[in-house]
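User: Hi! I am new to this structure and would like a friendly walk through its inside. Could you take me around by question and answer?

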Amino acid sequence: MTAPRTAPGTPLPVVLAGARGHGRWHVANIRRLEAEGLVRLAGICELTPLTEDEFGGELPEQSADFGALLDSTGARIAVICTPIPTHTDLALAAAERGVHILLEKPPAPSYAEYRRMADGVAAAKVACQIGFQSLGSHAVPAIRELVAEGAVGRVVGIGGAGAWVRPEEYFRRAPWAGRRRLNGVDVVDGALTNPLAHAVATALALAGSTRAEDVAGIETELLRANDIESDDTSCVRITTARGGSVTVAATLCAERADEPYVLVHGTTGRITFWYKQDRVLLQRADHGPEEMRFDRTDLLENLVAHLTDGTPLLVTPDGTGAFMRVVEAIRRAPDPAPLPEGAWRHVPGENRRVVPGVDGLVAAAADTLSLYSELGASWALPAHHLPKEVSTR
């Protein structure tokens, strides 16, 4: 879909829904693009208005009514950084007004809600970018080119690893945090679907399997050390329609925080991509290791370029269909199993829970394309196997 063009040199009015928490990053990014003359922050939608001290300067128009704010500001772009269950309705409210969208990840808490959003956006003929910032990295096409050239031989699988630490307060930062459902509505806020969702989406992108129909089967292992509903230590193995395997392991209970990465396994080498750093390591037979660093295209900037000169969008809703199949599999899986008390410990002074040995298990899962239970983790349950044709109904 090609959105109607906007005259170059005209700053596009932007409304931001959700300016606290991660929304502060969007405020800073919008200000950066304002300084370049690309956009203008025309309004902020928050249930509780920001103060000037909180915002750090003179405030634009504010309202708790998103639709009314889009109307009154004449917004051309809406940046939506709100709780996961609100994404679909807010995106559709923007779309029905002809407002283009940057929608934070995950795009929706269920495949049905994702489909409702994607179909509504397509029918409205507005542009929609999904906020997987890692997919704006120039390393992604560079790795695809290396693979196409046969730099590591035939690809035999893609691994992903994310070992992060989060204090117990992280799961109390908002009513929906750490929840699978809230007031009867899906949330699905787990390690693989929210904080480390980029590892899943990036692995699928490097596997060339980003659309819903690219997924043939999904296996999940969902566990938790914290006193929450959702998973904080989990892994997933995706079988692609072309017969490939993508395995991603994640934890928020690591012994020490590490940079998440995606690993391309080839018959004659491997490519490691630390996606937050845009850093790539190529290791192959009969060659020394080669490290490369890449630039990144900001997704809001890419959306503006799409609207002004027709530059293709980097992360369309259809391009996140495979990721949403994973979200759906996690949503439909049995509730995450609590780890036995002996499998985790409390870190004094840091108010967080650690699963001893999980750092090595996360790395081993990405390295061997195995699930935790297959690696001999004493606390891992047998894998929950879903049918090869995963239902999205």
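Analyst: Happy to. By the rule used here, there are two cavities of 30 Å³ or more. On a 1 Å grid over the protein atoms alone, a cavity is a set of points where a 1.4 Å probe fits but cannot get out, and a pocket is an open set with protein on both sides within 12 Å along at least five of seven lines; lining residues have an atom within 4 Å of a point. Grid points are joined across faces, edges and corners, and a volume is the space filled by probe spheres set on the points. This is a predicted model, in which local features need pLDDT of at least 70 and side-chain atom pairs count only at pLDDT 80 or more, while totals for chains, interfaces and linings use all residues. Residues are numbered from 1 along each chain as its sequence is written, and side-chain values use heavy atoms, with hydrogens and water left out.

User: What is the volume of the largest cavity?

Analyst: Its lining consists of Phe132, Leu135, Ala201, Leu204, Thr210, Gly319, Thr320, Ala322 and Phe323. The volume of the largest cavity is about 50 Å³.

User: How many charged residues are in the lining of the second largest cavity?

Analyst: This cavity holds about 40 Å³ of space, and its lining includes Tyr170, Asp189, Ser230 and Asp231. For the classes, Ala, Val, Leu, Ile, Met, Phe, Trp, Tyr, Cys and Pro count as nonpolar, Asp, Glu, Lys and Arg as charged, and the others, Gly among them, as polar. The lining has five nonpolar and two polar residues, and the number of charged residues is two.

User: Which elements give two or more residues to the lining of the largest pocket?

Analyst: The largest pocket has a volume of about 1300 Å³. It is lined by 38 residues, of which Arg20, His22, Gly23, Cys81 and Trp176 lie nearest its centre. The elements that give two or more residues to that lining are α1 (23–35) and α4 (87–95).

User: Why is helix α8 described as largely enclosed?

Analyst: Buried means under 20% relative accessible area, exposed over 50%, and partly exposed in between (1.4 Å probe, protein chains only). The cover over the buried residues of α8 includes β1 (12–17), α1 and β2 (39–45). Helix α8 (residues 299–309) is largely enclosed by the rest of the structure because the buried residues number nine of its eleven.

User: Is Val362 buried or exposed?

Analyst: Val362 is found in helix α10 (residues 358–368). Leaving aside neighbours within four places in sequence, Val362 is in contact (heavy atoms within 4.5 Å) with residues including Ala161, Ala249 and Tyr372. With a relative accessible area of 2%, Val362 is buried.

User: What is the phi of Asp278?

Analyst: Asp278 is found in the loop between β14 (269–274) and β15 (279–284). At 10% relative accessibility, Asp278 counts as buried. Although Asp278 is not a glycine, its phi is positive, at about 55°.

User: What is omega for the cis peptide bond between Lys105 and Pro106?

Analyst: Pro106 lies in the loop between β5 and α5 (111–124). For the cis peptide bond that joins Lys105 and Pro106, omega is about -15°.

Technical notes
Helices (H or I, at least four residues) and strands (E, at least two) are DSSP runs, numbered from the N terminus.
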